[in-house]
Amino acid sequence: MSDQRIDQSKRTWLIASSCAGVVGGFAATVPLVNTMMPSERARAAGAPVEVDISNLQPGEKLTVEWRGKPVWIVRRTPEQLASLKAIEPQLVDPNSVRDQYPTPSYAKNPTRAIKPEFFVAIGVCTHLGCSPGDKFKVGPQPSLPDDWQGGFLCPCHGSTFDLAGRVFKNKPAPDNLEVPPHMYLSDTRLLIGDDKAA
């Protein structure tokens, strides 16, 4: 009879310690698995970004962040749009045919845009990843040619881009500025990072 009591107490002890071990192991695993999952911020970094462009005036630029990069939305004036055709002989890839930074099919046109008035580009130089500055003013300026028609200048190594993000010849940047996937949700709402309906 006493032998059976010893066996029963051992059995109870083994069951209790096994259950405690399972619970403890599960409790330790949950935080470990949670640390391996991306944070809300990390998940949001790759998500499409919706932008209100209703207050963007002709000649102005709006910058938003998508995937940790600056994305420019430029509302071009009729004069700025007219200048794009005239400077094509000065550009490396005026028709955006190079594929290092593939241009979406809906932006393979002289304005590199869905709607000519609005230009959308990732504001990162294709040379070494610097961020070019706005040089929308027409005419001679420091570090720019006398016949400058407006665009962007990368201050690091002097690469210049027109108002469609196309790089000028004989500059360090090898390619045009990248056009991200994007689409219009309405006349005043732009979605950057998704172009399924474009």
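Contact here means heavy atoms within 4.5 Å. This is a predicted model, in which local features need pLDDT of at least 70 and side-chain atom pairs count only at pLDDT 80 or more, while totals for chains, interfaces and linings use all residues. Residues are numbered from 1 along each chain as its sequence is written, and side-chain values use heavy atoms, with hydrogens and water left out.

**A buried loop residue**
- Val-167 lies in the loop between strand E7 (160-162) and E8, where strands (E, at least two residues) are DSSP runs numbered from the N terminus.
- Val-167 counts as buried because its relative accessibility is 0%, buried being under 20% relative accessible area with a 1.4 Å probe and protein chains only.
- Leaving aside residues up to four places away in sequence, Val-167 touches Leu-91, Val-92, Thr-160, Phe-161, Ala-173, Pro-174, Asp-175 and Asn-176.

**Strands**
- Strand E2 (residues 61-66) runs antiparallel to strand E3 (residues 69-75) and is joined to it by six bridges, two strands being paired if DSSP finds at least two bridges between them.
- E2 and E3 form a hairpin with two residues between them, and Arg-67 in the turn has a positive phi of about 55°; Glu-65 stands opposite Pro-70 in E3.
- A three-stranded open sheet has the order E1-E9-E8 with antiparallel pairing; strand E1 (49-52) and strand E8 (182-184) each have a single partner strand, so one side of each is left without a neighbour in the sheet.
- Three bridges join E8 to strand E9 (residues 189-192), and Leu-190 in E9 is the bridge partner of Tyr-184.

**Nonpolar core**
- The largest nonpolar core has 19 residues, of which Val-74, Phe-119, Phe-152, Phe-161 and Leu-177 touch the most other members; such a core is a set of buried Ala, Val, Leu, Ile, Met, Phe, Trp, Tyr and Cys residues joined through side-chain atoms within 4.5 Å.
- E3 and strand E4 (118-122) are the elements that give two or more residues to this core.

**Aromatic rings**
- The structure holds four aromatic pairs, where rings of Phe, Tyr and Trp (its six-membered ring) pair if their centres lie within 6.5 Å, planes under 30 degrees apart counting as stacked, over 60 as edge-to-face and the rest as tilted.
- The rings of Trp-72 and Phe-152 are stacked, because their centres are 4.5 Å apart and their planes are at 25°.
- This pair links Trp-72 in strand E3 with Phe-152 in strand E6 (residues 151-153), 80 residues apart.
- The rings of Phe-136 and Phe-152, with centres 5.6 Å apart and planes at 80°, form an edge-to-face pair, and both residues are buried.

Note on methods: Helices (H or I, at least four residues) and strands (E, at least two) are DSSP runs, numbered from the N terminus. Buried means under 20% relative accessible area, exposed over 50%, partly exposed in between (1.4 Å probe, protein chains only).
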